[in-house]
Structure formats: structure tokens, C-alpha cells
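Me: Please provide a close look at a single part of the structure shown below, after a brief word on its setting. Kindly state the cut-offs behind each term.

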Amino acid sequence: MRYRLRFLIFLIVCAISQPVLADFELNLNKGLALYLKKDYQGAVKFLEQALVENPNSAVANQILGLSLLKLKKYPESITYLEKAKSLDPKIKRIYLDLGTAYLKIEDYNKAQVELMEAIRQEPDSGLAYYYLGYAQYKLGNHKDAAASFDKAYKLDPDLTLQSRFYAGLSHYKMSNYERAKEEFAFVGEFGAGTDTAVAALQYLDIITSLTKRYYGGVSTGFQYDTNVAVEAEDVDIVSDKSAPRAVFFFNIGFNPYLKPDAVLGGNYSFYMNFNKDLEDFNIQDHRINLYGVKKTTLGGTPVSFFLDYFYDIVLIDGTPASHLFSQSHSVSPQAAFQWTPYTSTVISYEFIYNNFKDFPERDAANNNFTIAEVFSICNGRLLLKPGFNFEVNSAKDVANTFNFDYVAPEGFLEALASLPFGITTFFEFHYYRQDYYNDDFNRVDDQIGVGVVVSKRLYKLLYLDLGYDHISNLSDTDFPGPNPFEYDRDIFSVTLTAKF
Amino acid sequence: MDKKIEIRILKIFVLLLSVIWVTDSYAQEPEPIGIVTAVKGEVVVVSAGKSQVVEKGTSVFLGDRFETKEASGVKILFDDDTLISLGANANFDITEFVYTPKERKSYSNIFKGKLKAIVQKFERGDSNVEFATPNAVAGIKGTTQFIDADGDICMDDGVSFIRRKDDAWDFTLEVGLCINTLERVPMPRPFDRELREKFESETEVKEEVPSEEEFEEFPEEELPSEADLTPFGAPGIPPILQDPTDVFEGKTPVDVTVNPQLPQ
């Protein structure tokens with residue numbers, strides 16, 4: 001009797017429990033089969049059902065987490081992967097999976113912790129080293145990142161191209177240019193035809209230019225200007241005439257002191273143009289720059305200091321100035337703080353002293369205070385730079401002339417996008433309000449400007465730029481008759497530049 | 001044209017079409033009937049005369065013959081949602097597999113070793129899923145059972161119709177019972193816990209995540225940015241040279257005109 005009772009209970013338990021476990025096993029395998037067939041949405045359906053039947057299955061939680069990772073549902077993915085880890089901390093590759101998921105949500109600190117554990121458990125995983133290197137790189141820990149990338153491709157040759165590219169990038173960020181060049185040169189050759197190789201060759205060019213003591217360039221091109229205006233520093237005088245013109249530019253520079261973290265140098269540049277039928281607007285501009293740069297860290301934050309001085313002289317044909325029009329001196333210190341790999345703050349001040357030979361009322365001490373934020377988006381493919389500038393111009397008082405004292409708050413936005421086929425696009429917008437507060441005619445100017453430039457590298461040293469600019473200068477003044485300061489202007493440009 | 005010749009040409013044309021159709025049918029790739037979802041140890045499959053090592057994700061075709069080595073095992077999910085776990089030192093093949101919305105029919109042989117089968121119920125039409133050992137055939141219609149090629153067949157769930165290949169007997173095996181197909185007379189006995197655990201452990205193949213290569217992903221390449229084009233890679237450092245012709249900086253070239261005249 002006792003035996004029969006036991007047997008009956010056994011049969012009942014079997015009848016209730018086994019189908020549930022069998023269903024779980026079947027749903028788990030259906031989910032796994034769909035995952036293997038890359039049908040991640042289908043896999044999720046069966047794995048969720050499997051977890052209803054057995055919520056404490058570590059492997060079902062893990063594969064569901066991975067399926068959601070593939071579907072880019074990162075937070076949900078992390079929830080299941082974390083649960084899998086808590087259910088079975090020794091389950092195969094869980095730390096690598098979690099590290100990958102944290103990389104996806106850009107939580108590089110957590111990714112680093114998981115990936116270090118993944119390596120501790122599986123020291124021969126090249127992929128774990130590769131992802132760890134990426135997390136370290138993103139955290140700005142370039143030294144460890146370079147070491148991790150080295151290890152990654154040595155353990156897993158399939159990761160060679162990517163690992164050596166990022167190893168090069170890590171060395172580049174540390175200003176270890178020789179080692180970076182080695183890596184980029186290898187990637188450029190080994191991965192010929194890939195996007196990675198293209199990027200590597202671009203960095204190789206940059207390193208070459210950064211390590212050159214001599215540099216220079218020549219530009220030539222055409223512009224069509226719907227309203228030729230003077231904008232020599234703070235002069236804005238309008239012709240109300242359109243003109244095509246040829247432009248020419250030349251510069252040459254030398255860096256006598258050139259270290260990865262500091263530079264002292266100088267350069268000379270020359271610009272001239274020829275306006276058709278507006279010879280009085282033809283100018284030549286000579287400029288000499290002296291500059292110094294120092295890169296350092298303050299409290300762990302990378303900071304760059306920049307100091308520039310220039311002397312500028314503008315000559316004009318056919319004006320009362322008899323060739324000499326103006327001279328300027330400028331001193332400009334600047335500091336850039338890189339808070340994160342994606343954001344930095346730029347603070348600068350510029351003092352300019354302008355001296356106009358025949359227009360003493362325009363002689364002025366000009367001060368510019370600027371603050372801007374730089375956002376790096378899409379792995380540096382898009383840069384946004386909104387900023388604010390405050391300008392104070394203190395001009396000389398000259399009897400019976402305009403007074404050119406003014407203050408001008410300005411807001412601006414710049415955007416730079418790296419597009420496919422080696423094309424770069426730059427966009428700029430600015431608005432400022434110049435209040436001539438000492439002017440007898442109560443002059444106030446509101447200027448809006450937009451500009452777009454599309455650049456394409458045609459050959460190694462040769463670039464083609466296509467540009468369009470529009471400026472609207474609205475001026476309000478009690479000056480009788482037509483306002484000489486109000487104008488609209490469109491400029492279309494085509495230039496070819498050779499840089500060496 | 002002579003009518004006979006016309007008919008002859010037509011016949012040749014039809015014959016050619018038939019040859020092309022038949023050849024094309026033979027040339028078509030066979031469709032898989034299942035997939036390997038888990039592997040333990042060393043497992044090989046002989047498929048279309050070729051032997052290959054079995055991995056997770058390997059497709060299973062009609063006529064495939066699986067062989068597991070010592071301490072090995074494989075789990076296969078068929079398209080009709082039949083799941084089998086093959087234990088160590090086993091030999092298994094699939095000789096018939098039909099699965100349509102209204103019919104399910106399959107015939108597999110377990111020549112050696114042990115297997116666990118989970119067979120989904122099929123209520124849309126005819127169903128006949130059979131597993132054959134060297135001396136018996138078990139027909140299943142939605143159940144979980146364990147089969148040992150050396151004789152034992154045990155039911156964990158559902159029922160199974162078992163017949164000896166020599167027609168010595170047939171028997172309907174109920175849930176929770178085992179039968180030894182080598183015995184001359186069917187003698188069911190309880191599928192006790194000890195035996196069940198033994199079967200489970202001998203046919204256990206744990207599911208695992210796919211190997212690294214199958215889900216490797218790389219972050220996108222990071223292209224040089226404006227920051228890299230400035231002297232030291234720090235964002236915001238202005239170019240050493242403000243190129244007047246470079247509208248990139250949003251500055252128009254310097255022009256000049258006469259000073260506006262003051263009112264008299």
C-alpha cells in the first residue's frame with residue numbers, strides 16, 4: 001500500500017513538473033536556434049517565455065540579454081546580463097558580454113571593471129583586451145589603452161586592423177608620434193581600401209604636418225561679391241557695387257622649437273586681390289605672426305595654452321592713403337580645457353591696436369573676450385562649437401568726425417562635419433549688435449552672417465574649397481540720408497590650395 | 001513541314017525541358033531540417049558523404065549521421081520543434097523527415113548510446129514521430145522520453161507506442177514507466193528518480209552562449225576631427241594661421257573702399 005502511494009505521488013509530481021521543465025528546455029533551445037540564425041526578435045519571444053517557466057536560468061537570461069544587445073535595447077540587455085551574472089557568476093563569458101553592453105551605453109567605467117574581470121577569467125581573450133582598450137581610450141587612459149590594444153591583436157590576429165588603428169590613436173593622443181606613425185602606416189597598408197585605413201592615412205598626414213619645422217601654402221581662386229565692403233579689422237565701408245575678383249594667398253612658417261607638448265614659431269603671410277572695375281578696392285595684406293603653445297594637464301584635465309602676437313599691414317591702391325591704409329598689433333592668449341573626450345571649453349582674450357593712416361578717428365584699442373564650448377559628436381565626425389564674444393572698441397576722439405567707440409555682444413555657432421569621400425563641410429552663423437554708444441547719430445548695427453564651405457582634398461597636397469557667405473548688416477542711425485552702414489552681401493568662392 | 005517531323009521536334013523539346021527540370025531539381029541545395037543548438041566535447045556528422053566537426057549553429061539535413069565521442073554530446077532542434085539530446089558514444093541518423101502544416105512524420109535511428117527526446121504535440125493533422133533502436137521502434141505523439149539503444153525506453157511525460165522489430169510484441173508505455181525492449185515479454189517498471197537522474201546526466205548537453213566570433217562587433221573608426229587638425233590635437237586651439245582666403249573661418253577677405261563722408 002505504502003509502495004503504491006509513493007508511486008502515485010511520484011507519477012503526479014512527474015506529470016506536473018516535467019512538462020514545465022520540458023517546455024522551458026524547448027523554448028530555450030528555440031530562442032537559441034533563432035539567435036544562431038540571427039533572428040534576434042524571434043529569439044527574444046521564446047527566451048522570455050523560457051524565463052516565465054524558469055526565471056532562474058542564468059543561460060536564458062544571458063542569451064536574452066545578448067539578443068536585446070543585438071536589437072540595440074541596451075538598458076534592458078544589461079538588466080538580463082546582470083541577472084545572469086548574479087545567478088551564475090561563473091557562466092561563460094558573462095563579464096565580456098556585460099563589458100560590451102556597458103560600452104554600448106558609453107558607461108566606460110563600468111565597462112572597464114567588467115572587462116578586467118573578463119580578462120582575469122579568460123586571459124587569452126583578444127576581444128576582451130580590445131574592448132578594454134577601447135574603454136580605456138575613451139576614458140582618456142591612453143597609456144593603458146595602447147598596451148591593451150597591443151595585447152588584443154597579439155592574442156587574436158583577426159583584431160589586428162582595428163587594434164593597431166586604436167593603438168596608433170592612443171600613441172597619437174600621448175604625442176608619441178613615432179610609435180603612432182608605425183601603427184598608422186601598418187594599418188594604411190594592411191587594411192588598404194577600408195575606412196580604417198583611410199582614417200589611418202589621414203592621421204599619418206596630420207602627424208607629418210605636426211612634426212614639420214617648415215610649412216606653408218599657396219591659394220588662388222575666384223570670388224563673386226554682390227556688394228564689395230571694407231572689413232579691415234573694424235572698418236566696414238560699403239561700395240554698393242558687385243564685382244568678381246581674383247584672390248591670391250601665400251604663407252610660410254618655421255617652428256624653431258618643436259616638442260610634442262610645446263612649440264615656439266612664427267610665420268609670414270601675404271594676401272592680395274584684384275577686383276574687376278573696382279581697382280580702388282584692391283588690397284595687399286602682409287602679416288607676421290609669432291606664437292607659442294604649451295600642452296599640459298591641470299588636476300587631470302588636459303589643458304592647452306596658446307599665445308599669439310601679430311603685426312598686420314594693409315596697403316590699398318588708389319585710396320587717399322597712398323598705398324598704406326592701416327597697421328595693427330594684436331596679442332591673444334587662449335586656454336582650452338578638455339573636460340571629457342567629447343567636450344572642451346575655450347576661453348580667450350584678444351587685444352588689438354588699430355592705426356589707420358588717414359582716418360585717425362578709427363584708431364582704436366579693441367578688446368575681445370570669448371568663451372566657447374566644443375562638442376565632439378559621432379566619433380569626431382561632427383563638431384559643434386557654440387560661443388559668445390564680447391567686444392569693446394575704444395576709438396580716438398577726433399573733432400567733426402564719427403565716433404567709433406562701441407560695444408558688441410556676439411553669439412556664434414560653428415559646425416564641422418566629416419562626410420564620406422573625404423569631403424568636409426563647415427557651417428557658421430553669427431549675430432552681433434554693435435552699439436556706438438558715443439556716436440552723435442545713435443548708430444546701432446545688427447549683423448547676421450551665415451557661411452558654408454565644402455572642402456575636398458583632390459590630391460595629396462591639393463584642396464578645393466567651394467564657399468558661400470551671406471551677411472546682412474542692419475544699421476539704425478539718425479544720420480541724414482541713406483544709411484551708409486546698411487548693406488547686404490553675398491560672396492561665392494572657389495579656391496584651390498596647395499599645402500606643404 | 002512534315003507533321004511527323006514537327007511532332008518529333010516537339011517531343012525532343014519536351015524531353016529537353018524535362019532533363020533541364022530534373023537536373024535543376026537535383027542541383028538545388030538541400031533544405032536544412034534542424035539546427036545544432038548545443039555541443040559538448042567532440043561530435044562529428046557525416047552529411048552528404050562528408051564528415052565534419054559539429055559546432056553550435058551547424059545545420060542538420062535529412063540523412064545526416066551524428067557520432068558523439070567519449071564524454072561528448074549534442075543537442076538538435078528540428079524544424080517540427082522536436083528537441084533531442086544525444087549522449088556520449090552515440091550513433092544517430094535521420095532517415096525520414098516530413099513537416100508541413102498538416103503532416104508531421106519522421107524516422108530516426110539510435111544505433112548506439114542514449115538520447116532524450118522532447119516531442120511537441122501536433123494537433124493540426126497526422127503525426128508519426130518514430131525513434132528506432134536496434135531491436136524496437138518507439139512512436140511518439142507529444143512527449144518526453146529517454147531511449148537507450150541497449151534496450152531501455154522510459155517515459156517522462158505522455159505515452160509512447162513501442163513495438164519490437166521482430167514483431168514479438170508491442171506495448172503502450174505510460175508516463176513514469178520504463179520498459180526493456182530486449183526482454184521477451186514487456187515488463188514495465190517505474191521510471192524511478194535514480195534512473196531518471198542517470199538518464200538526464202548521460203544525455204545532458206548544456207546550452208551556452210555562441211562563441212565570440214559570432215557576435216564580434218567593433219566600434220566605428222574614429223576619424224580625425226578639427227581637434228586633430230589644430231596644432232596639438234586639443235580642441236579649440238586656433239589654427240596658427242588665419243588664412244584670409246579661407247572662408248572656412250567664416251571671414252570674408254579684407255576689402256577696402258572710401259570712407260563715408262560726414263554730413264556738412
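Reply: In chain B, 42% of the 264 residues count as buried, a residue being buried if 20 or more other C-beta atoms, placed from the backbone, lie within 10 Å of its own, exposed if 12 or fewer, and partly exposed in between. The model is predicted, so local features need pLDDT of at least 70 and side-chain atom pairs pLDDT 80 or more, while totals for chains, interfaces and linings use all residues. Residues are numbered from 1 along each chain as its sequence is written, with chains lettered from A and ligands numbered from 1 in the order in which they are written. Chain B holds three helices and 18 strands, these being DSSP runs (helices H or I, at least four residues; strands E, at least two) numbered from the N terminus.

An α-helix has 3.6 residues a turn, so residues three or four places apart point the same way.

For comparison, Q327(A) lies in strand β6 (residues 323-338) of chain A. Q327(A) counts as partly exposed because it has 16 C-beta neighbours inside 10 Å. Leaving aside residues up to four places away in sequence, Q327(A) touches D312(A), I313(A) and N355(A), contact requiring C-beta atoms, placed from the backbone, within 7 Å.

Methods:
Contact = placed C-beta atoms within 7 Å.
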